[in-house]
Amino acid sequence: MMACLLEAPLRISVLSEVTATSRHYVDRLFDPDPQNVLQGVIDMKNAVIGNNRQKANLIVLGAVPRLLYLLQQSSSSLELRTECAVVLGSLAMGTENNIKSLVDCHIIPALLQGLLCSDLIFIEACLRCLRTVFISPVTPVQLLYTDPTVIPHLMSLLSRSQHTQEYITQIFAHCCKTPEHQTVLFNHGAIQNIAPLLISPSFKVRMQALKCFSVLAYENAQVSMTLVNVLVDGEQLSQVFVRMMQRDKPIEMQLTAAKCLTYMCRAGAIRTDDNCIVLKTLPCLVRMCSKERLLEERVEGAETLAYLMEPDIELQRIASVTDHLVSMLADYFKYPSSVSAITDIKRLDHDLKHAHELRQAAFKLYASLGSNDEDIRKKITETENMMDRIVSGLSESSIKVRLAAVRCLHSLSRSVQQLRTSFHDHAVWKPLMKLLQNAPDEVLVMASSTLCNLLLEFSPSKEPILESGVIELLCSLTQSDSPALRVNGIWALMNMAFQADQKVKVEIVRALGTEQLFRLLSDPDTNVLMKTLGLLRNLLSTRPHIDQVMSSHGKQIMQAVTLILEGEHSIEVKEQTLCILANIADGNTAKELIMTNDDMLQKIKYYMGHSNVKLQLAATFCISNLIWNEEDGSQERQDKLRDMGFVDILHKLTQASDPNLCDRAKTAMQHTPWWIEALMLWTPFGES
């Protein structure tokens, strides 16, 4: 209690200092003489320029509501209203807290209303302030779209002056964050209105127009397809962008133009083998990765290049041999170095704080480069200390770096060669397992995808991972709300069960639990269902394993198989299910679960006569296993199946047009007495 009594006067004295130095500026806003009010606003403008403390003081003392009131009053002179807009713009250039205070005072609707005035100088002052408010990360961009009349009115103001063009395009570029925003701007003529600004005499206008097109085209096929056909002063827009990437243009312009073409290409509007991509955009982005460029340029260049070539193996191959890109990226991990050429202390301080962004960008680009080609992957892993850098990246404090590092690892894990060498030598499974213990979903998805590859049969990491108790972890992933995590969890278990010994299979079934296994067999996500069927198929391989699993879980498995074969599922799902049935039919005792189930036999018969060859093949394989004549009870099974009409179906299938199906049917028949009967029924060609 004493502490409170001592502190209170201290806070009051600080506030009184604030009041003493700033109160008179606010008081003058309430003067009855309009000329004194105008002079007070002008003096306030001069007092706050470059003075963040003064800006904060005036906001605390309530200057903003009064300035907004004066700005909106029709009785205020245009000069006063304009000066109010200028002061508000200056207050907005302070801290993020200043912006929050301005937004809370409803500055945006007041300024947007001001744009309805016909006076250009006042409009420009309002737009300048709106620009400053909207480019702040704390301003909700949705406020631009609340009133449906705002966007068309802003479009109409573009022709008023170079200033209106600069501010409005900058607002659009910062406030276009979603596909819905892209659609609103597109539907109100953004492309037609902004395209001519690309040849404006003002660099600032050209630059902001270019940024507008980059955010409009990003992952938007409609915008990108439209841009391809736009002419600017008789020249195709794509060629305007190409000219803007020339080496003599400012770096910011080169980079943004390259982003525009990249986004148009990824949206399908420009072919990946088009000269403007292969000979212009890709080399421009590689140039941005050189150590001569600023940190943010190198980051943006690398990330844009990674995005450009992500789906295209030819672009990956071209990039990998352009300007020693693979080794150039190694410099991203050494920045800033002890012999850095940076002499600007502020720049050095900034770069030290943001060096992790370079590492993140390098990992992303390596991931994209190595996603398809084996030679490129080899080149990446042979780059100095690369595997050590990835391993370090997996435990960095920045979540974005960890995600990029695991993406890179996932890309390299697609290589059988790397799984057997680099991955084994550096024991990458250890940090990967650690990463899986506690990470956000997006990291978990990529890490578990990588783990799936490390658990493939030929991977030397499979054994130590198994011994580390990974099964429980993977089983927990199958219970995730995220379909991607459920897929990866079950996929990894499927890989683990492939040709595994009985001990591992029993542990998987125990840890997963039959209830969860059958829940996954009715999962709404087809990928989850397919991988669960794959796991079941791998668990039911080799006769002792088949018999053991079916003796304890046979009833539930047969029930699940029935539900899938009767349900509305894809051909692939039903084919996989019939293959499981064929595995069951290969068991010594398990096959009786099929033979004693007439309903199941009728289903097999139905699929043997199906119009889809894959389903016919899988069903025929199942019957082939049931009638194999080298096993106990084969005669009784053959007799029952003959009585049910399977002989006639197999006979028909020996004459099927598909060679695989024909051979499978003949192989099945050859292991039964039916083959001799069938031969007696056939008459060789040419005999009567």
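Analyst: Gladly, and let us begin with ring pairs: rings of Phe, Tyr and Trp (its six-membered ring) pair if their centres lie within 6.5 Å, and planes under 30 degrees apart count as stacked, over 60 as edge-to-face and the rest as tilted. By that rule the structure holds six aromatic pairs. This is a predicted model, where local features need pLDDT of at least 70 and side-chain atom pairs count only at pLDDT 80 or more, while totals for chains, interfaces and linings use all residues. Residues are numbered from 1 along each chain as its sequence is written, and side-chain values use heavy atoms, with hydrogens and water left out.

User: What makes the pair of Tyr218 and Tyr263 edge-to-face?

Analyst: The ring centres of Tyr218 and Tyr263 are 4.9 Å apart and the planes meet at 70 degrees, so the pair is edge-to-face. Tyr218 sits in the loop between helix H13 (203-217) and helix H14 (221-228), and Tyr263 in helix H16, 45 residues apart, so the pair links distant parts of the chain. Helices here are DSSP runs (H or I, at least four residues), numbered from the N terminus. Ring pairs also link Tyr218, Tyr263 and Tyr307 into a cluster.

User: Why is Thr262 called buried?

Analyst: Thr262, in helix H16, has a relative accessible area of 0%, so the word buried applies. Contact means heavy atoms within 4.5 Å. Leaving aside neighbours within four places in sequence, Thr262 is in contact with Thr281, Leu285, Thr304, Tyr307 and Leu308.

User: What is found at Thr281 in H17?

Analyst: A kink of about 30 degrees lies at Thr281, shortly before the proline Pro283. The bend at a residue is the angle between axes fitted to the seven residues ending there and the seven starting there.

User: What caps the N-terminal end of H17?

Analyst: Asp274 does, with a side-chain oxygen 2.8 Å from the backbone nitrogen of Cys276. A polar contact is a pair of N or O atoms within 3.5 Å; within protein, one must be able to donate a hydrogen and the other to accept it, and residues adjacent in sequence count only if both atoms are side-chain atoms.

User: Which residues of H17 are buried, and what covers them?

Analyst: The buried residues of H17 are Cys276, Ile277, Val278, Thr281, Leu282, Cys284, Leu285, Val286 and Arg287. What covers them includes helix H15 (237-244), helix H16 (251-266), helix H18 (295-309), helix H19 (313-320) and helix H20 (325-330).

User: What makes helix H30 mostly covered?

Analyst: Six of the eight residues of H30 (470-477) are buried: Val470, Ile471, Leu473, Leu474, Cys475 and Leu477. The cover includes H27, helix H28 (441-454), helix H29 (462-467), helix H31 (483-497) and helix H32 (502-512).

User: Why is His106 called exposed, and why is Ala427 called partly exposed?

Analyst: His106 has a relative accessible area of 55%, so His106 is exposed. Ala427 has 22%, so Ala427 counts as partly exposed. His106 lies in the loop between helix H6 (96-104) and helix H7 (107-114), and has a positive phi of about 65 degrees although it is not a glycine. Ala427 is in the loop between helix H26 (422-425) and helix H27 (429-437), and has a positive phi of about 45 degrees although it is not a glycine.

User: Why does Ala47 count as buried?

Analyst: Ala47 is at 16% relative accessibility, so Ala47 counts as buried. Ala47 lies in helix H2 (residues 34-48). Leaving aside neighbours within four places in sequence, Ala47 is in contact with Tyr25 and Gln54.

Note on methods: Helices (H or I, at least four residues) and strands (E, at least two) are DSSP runs, numbered from the N terminus. Buried means under 20% relative accessible area, exposed over 50%, partly exposed in between (1.4 Å probe, protein chains only).
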